[in-house]
Amino acid sequence: MSIEIHNLEHTYNAGTTFSHAAIKGINLQIPDGKVTAIIGQTGSGKSTLVQHFNGLLLPTAGSLEVCGFHIQPLLKIKDVKKLRKEVGLVFQFPEYQLFEETIEKDIAFGPKNFGASEQEAQDLVKKILPVVGLDESYLERSPFELSGGQKRRIAIAGILVLNPKVLVLDEPTAGLDPQGAKEMMTLFMNLNKKENKTVILVTHDMEHVMKYCDHVIVMDHGKVLHEADVKEFFQKPEWLLSIGINPPSIVRLKCMLIEKGFEIPDSILDEESLLECIKGQVIQHV
Amino acid sequence: MIERKGSDKYMNAIEVSHLTFSYDGQKDVIKDVSFKIPEGSYTTIVGQNGSGKSTIAKLIIGLLGAKSGNIFVMGKELNEKSVYDVRSHIGIVFQNPDNQFIGSTVADDIAFGLENHCVAQEKMQPIIEDVAKRVGMQDFLNSEPTKLSGGQKQRVAIAGILAMEPDIIIFDESTSMLDPQGKSSINKQIKMLHEQKKITILSITHDMEEVAQSEHVIVLNDGKIKLEGTPMEVFGHENELKDMKLDIPFALQFSKKLKKEHIVDECVCTLEEVVNQLCPLKSTI
Amino acid sequence: MSNFALGSYMPMDSVVHKMDPRSKIIIMLLLMISIFIPSGITGYICIGIFICFVLFLSKLSIKYAFRSMKPMLFMMIFLLVINVLVIKTGIPWIQWGWFSIYSDAIYQTLYIVVRLLYMIIITTILTATTKPLDLTLGIEKLLKPLEKIKFPAHIIAMMISIALRFIPTLIEETQRIMNAQASRGVDLDNGSLKEKLMAILSLIVPLFISAFDRADQLANAMEARGYNPNAQRTRYKVLKMSSLDYIGLISSSFLLILNIAICFVL
C-alpha cells in the first residue's frame with residue numbers, strides 16, 4: 001500500500017470563528033499501481049484530502065503513511081519536503097503555475113528545487129518532453145505562446161520530471177476539449193501501465209471513472225461514503241442517482257430501459273453486451 | 001454588402017456574412033464565415049479549442065472588430081455607432097463564472113446591466129427579484145460571490161442578462177468550468193429560455209449531448225465552417241467529424257449499432273429517443 | 001478559507017450600522033479636525049466621551065477596538081523613548097545622574113498617543129460598521145460635485161469596488177499557486193537568498209498573469225453588459241439620510257465648535 005490513512009481529520013482555522021471541519025475522520029488504503037478515482041460533490045473534502053498526500057496540508061488529528069513517510073500533525077516543512085518528490089500533485093488548471101521565460105527552465109525548476117545540478121536538470125527535461133508528447137524544438141520557446149492544452153502538458157511535465165511514484169491529479173481535463181481530454185487521460189494511463197505509477201484521479205467525469213479507473217472512493221461531507229471496485233460501482237445506478245452522481249451514458253440508458261420493463265442484468269456495462277441483451281428482448285423485423 | 005429585404009417575414013436574429021478576422025493582422029483566425037441564425041432558434045457552434053468559436057461570439061457583440069465582412073443583429077448592422085444598441089439585444093454568458101461577476105452581491109450584480117442602461121432606480125428592485133426567481137436564486141440576493149458555487153454564479157449571470165430582456169443570449173462555453181450539478185442546471189435553464197421565453201440561443205460548446213438537444217449545429221474548424229445543419233445531418237458525417245477530432249454522442253453511437261443489427265430503421269441522437277424507439281418493439285414474452 | 005476579514009466589517013444591528021455612509025464619513029472628518037485642535041485636556045476629555053458614546057452605540061466590543069491598536073503599540077513606545085530623550089522642558093520629574101525625565105516629555109507623548117488612539121478608534125468604528133461597498137458609494141456621492149471640474153468620481157468608485165470584490169478571489173488564487181509551487185519543491189521558509197528570490201518569482205509571475213487574464217475577461221463582461229464609463233448611469237443602491245444622520249452630524253459639528261471655543265477661551 002502506498003498510502004494508508006488512519007482516522008484523518010482536518011479542520012481549517014481551528015479554534016477561530018471561521019473554523020470549518022473539511023475532513024471528519026477518514027480511514028482508507030489506496031492500492032499501489034492502480035488508478036483510483038476520488039469522487040464527490042463540490043465541497044465534499046476531496047481536494048483537502050489529496051493535499052495531505054504530499055504534505056501540503058497536515059492532519060489536525062490522525063495520521064497518514066505515504067511512501068514510507070509518516071505524516072502527523074505539527075510536522076515541519078523540512079520533514080515533508082522530500083515526500084513532495086515522491087508524490088506528484090497536479091492541481092486544477094496547472095497552466096497557472098508556469099512562470100519561466102523558456103519551457104526548459106520552467107520544467108527544470110522542480111528538479112533544481114530538489115537539489116539537481118543544472119546539467120542533471122537539463123537531461124531530465126529532455127527525457128520528459130516526449131512523455132507529454134512534445135519534442136525538443138519546444139525547449140527554448142516561451143511557455144506563454146503555446147495553446148491552452150500545450151501549456152497544461154508543460155505544467156504536468158514540470159511535475160512528472162520529478163519522477164514521482166504516486167501521481168495525484170485534481171480534475172486534470174477541466175476546460176479541455178474532448179480530444180484534448182482523451183489525449184491527457186491516455187498520457188496518465190500510459191504512466192500507470194508502463195511505469196507502474198499509482199494514479200489518484202479527483203474527478204466529476206463518470207465516463208472517465210468507468211473507462212480508466214480501477215477503484216472508486218466516494219466522499220461526502222468530509223467522510224468516505226462508499227468505496228468499491230469500479231466494476232461493482234456502476235451496477236447500482238439508482239443508488240448513484242440518489243447520492244447525486246450522474247452515471248455514465250450507458251448506465252443511464254440501461255436505467256431508462258429497465259424502467260420501461262426491459263430485463264438487463266446488473267453486470268452489463270458495455271455496449272456490445274447491452275446490444276445482445278436488447279436483441280433478445282425485441283421483436284426483430286427481418 | 002449583401003442585399004437585405006426590409007420586409008423579410010422570417011427575420012434573422014443574427015446574420016453573419018463573409019466575416020474575416022485576425023488578431024495580429026497577418027494570420028486570419030476567422031476565414032470568410034457566413035451563417036444565419038433565425039429568430040427563436042437554438043443553435044450550437046462546435047469545434048476544437050482554437051477553431052475560432054469564441055472569437056465569433058466576441059465579434060457578434062462587438063468586443064472585437066472584424067477585418068472584413070458584416071454582422072447584422074436583429075436587422076441592424078453592427079458598427080461603431082450601433083454597438084451599444086446591438087448590445088441591448090444580446091446577452092452573453094462567458095466561460096469563467098468568477099470573472100464576470102461584477103457586483104459585490106447577487107442583487108448588485110444583476111443590477112449592473114440595469115444601471116448601465118439607465119433604468120430608473122425605483123423600477124430595479126421588482127425586476128431583480130423577478131429574474132432572480134426565474135433562475136432560482138431569489139434566496140441569495142444578498143450573498144457575496146465567494147459564498148456561491150460556479151453553477152450559482154452562472155445562474156446569476158443569466159439573471160443579469162434576463163433583466164435586460166434580450167432577444168438573443170450567447171453561451172460561450174458557459175458550462176465547461178462547472179461540476180455536473182452546475183452543468184445540468186445551466187443546460188436546463190438554456191432549454192427553458194428557448195422553449196418558454198422564445199429567446200434565440202447561440203451556444204458555443206464541447207458537450208455533444210447539448211448539441212443533440214439543439215435545432216441547428218455549426219461545425220467550425222480552423223476558422224472556417226465545415227458542416228452545418230440539424231444535429232442528425234451533422235452527426236451523419238461521422239468520418240469528417242473524426243478528422244476534426246470531434247465525437248458523436250453516445251446515444252447516436254448506440255443507435256447506429258441498433259440499426260446495423262436491424263433492430264431499428266432510423267438513427268436518433270438522444271437517449272430518450274433511443275428508449276422511445278425500443279419500447280414499442282419490446283416482445284411481451 | 002481565508003480568515004482575512006475585509007475592511008474588518010462586523011455585521012451587527014446597531015444605530016451606527018444603520019447610518020448613511022456619507023454622514024459617517026463626514027462625522028469622521030469632523031472628529032479628525034477636532035482632534036487636531038490643541039484644546040488641551042478638557043477638549044480631549046470631551047472628544048473621548050463622544051467617541052466612547054459612539055462606540056457604545058455601535059455595539060462593537062471594546063476588546064475589538066483595542067485589538068486594532070496592537071500594531072501601534074511599538075510606535076507609541078518608540079515615541080515615548082524619543083520624547084523622553086529629546087524634550088528637556090517643564091518640571092524635571094525624575095533624575096538619575098545625567099538621565100532625567102521632564103514633565104513635558106510625558107505630556108507630549110500622552111497627547112500624541114491619545115490623538116493616535118482616537119484616530120484609530122474612529123476609523124475602526126467607520127470600517128467595522130460600514131460595508132466596503134457602501135463606503136465606496138458614500139465616497140462617490142461625496143465626490144460627485146467634483147465631477148463638474150472633470151474629476152472622475154464614479155470611475156474611481158467603480159475601481160475601488162471592483163478591487164474590493166476581487167480581493168478574496170485573488171487571495172484564493174495566491175493560495176492555489178503557492179500550493180502548486182510547493183508541490184514542485186518551493187520552500188519559502190528555508191533556502192539561500194537566490195532560492196528565495198526564485199520562490200517569490202514563481203509566485204508573483206503566475207499571479208500577475210492570472211490577474212491580467214481576469215482583468216481582461218472582466219472588462220469584456222462589463223462591456224458586453226453595456227458599461228460605458230463616459231455615459232450616464234443610474235444606481236441601484238441609493239443612500240438615504242435619516243434623522244439619526246442629522247443628529248450625528250449636528251452633534252459632531254457641535255463638538256468641533258466646542259473644541260475651537262476651548263482652544264481660544266482657555
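I began with I30(B) in this predicted model, and, leaving aside its neighbours within four places in sequence, I listed its contacts as L19(B), T20(B), F21(B), G52(B), T55(B), I56(B), L59(B) and G223(B). I then looked up where I30(B) sits, and found it in strand β2 of chain B, which covers residues 28-38. Its relative accessible area came out at 0%, so I noted I30(B) as buried, the cut-off for that word being under 20%. As a check on distance I took I186(B), which is 156 residues away from I30(B) along the chain, and I found their C-alpha atoms separated by 28 Å.

**Chain B against chain C**

I turned next to the place where these two chains meet, and counted 36 residues of chain B in contact with 25 residues of chain C. Between them chain B and chain C bury about 2800 Å², and 51% of that area lies on carbon and sulfur atoms. Which three residues supply more than any other three of the area that chain B buries against chain C? I found them to be N99(B), I102(B) and E115(B), with 22% of it. I also looked for salt bridges across the interface of chain B and chain C, and the rule finds 6 of them. For an example of a salt bridge I wrote down R165(C) with D98(B), whose closest N and O atoms are 3.5 Å apart.

**Chain C and its annotated spans**

Residues 73-94 of chain C are 64% helix and 14% strand, with their end C-alpha atoms 24 Å apart. Residues 151-171 of chain C are 90% helix and 0% strand, and there the end C-alpha atoms lie 31 Å apart.

**Chain A**

For chain A I recorded 12 helices and 10 strands, and a C-alpha trace that spans about 70 × 50 × 35 Å along its principal axes. Of its 286 residues, 52% count as buried, while the chain exposes about 12200 Å², with carbon and sulfur atoms supplying 50% of that area. Among the contacts in chain A with a separation of 6 or more, 61% are between residues 24 or more positions apart. The unreviewed UniProt entry places "domain: ABC transporter" at residues 3-246 of chain A, and over that stretch I read 35% helix and 25% strand, with the end C-alpha atoms 28 Å apart.

Why is helix α4 of chain A, residues 103-113, largely enclosed by the rest of the structure? I found that 8 of its 11 residues are buried, which is why I describe it so. Among these buried residues are I103(A), E104(A), I107(A) and F109(A). Their cover includes α5 (118-128) and α6 (148-160) of chain A, together with α8 (153-182) and α9 (193-224) of chain C. Just after α4(A), I noted that G115(A) takes a positive phi of about 95 degrees.

Notes: Residues are numbered from 1 along each chain as its sequence is written. Chains are lettered from A and ligands numbered from 1 in the order in which they are written. This is a predicted model: local features need pLDDT of at least 70, side-chain atom pairs count only at pLDDT 80 or more; totals for chains, interfaces and linings use all residues. Side-chain values use heavy atoms; hydrogens and water are left out. Helices (H or I, at least four residues) and strands (E, at least two) are DSSP runs, numbered from the N terminus. Buried means under 20% relative accessible area, exposed over 50%, partly exposed in between (1.4 Å probe, protein chains only). Contact means heavy atoms within 4.5 Å. Accessible areas come from the Shrake-Rupley method with a 1.4 Å probe; for residues, only the protein chains shown count as cover. Buried area is the accessible area (1.4 Å probe) that two parts lose on being put together, summed over both. A salt bridge is a side-chain nitrogen of Lys or Arg within 4 Å of a carboxyl oxygen of Asp or Glu. UniProt positions are given in the numbering used here, feature names are shortened, and annotations may be inferred rather than shown by experiment.
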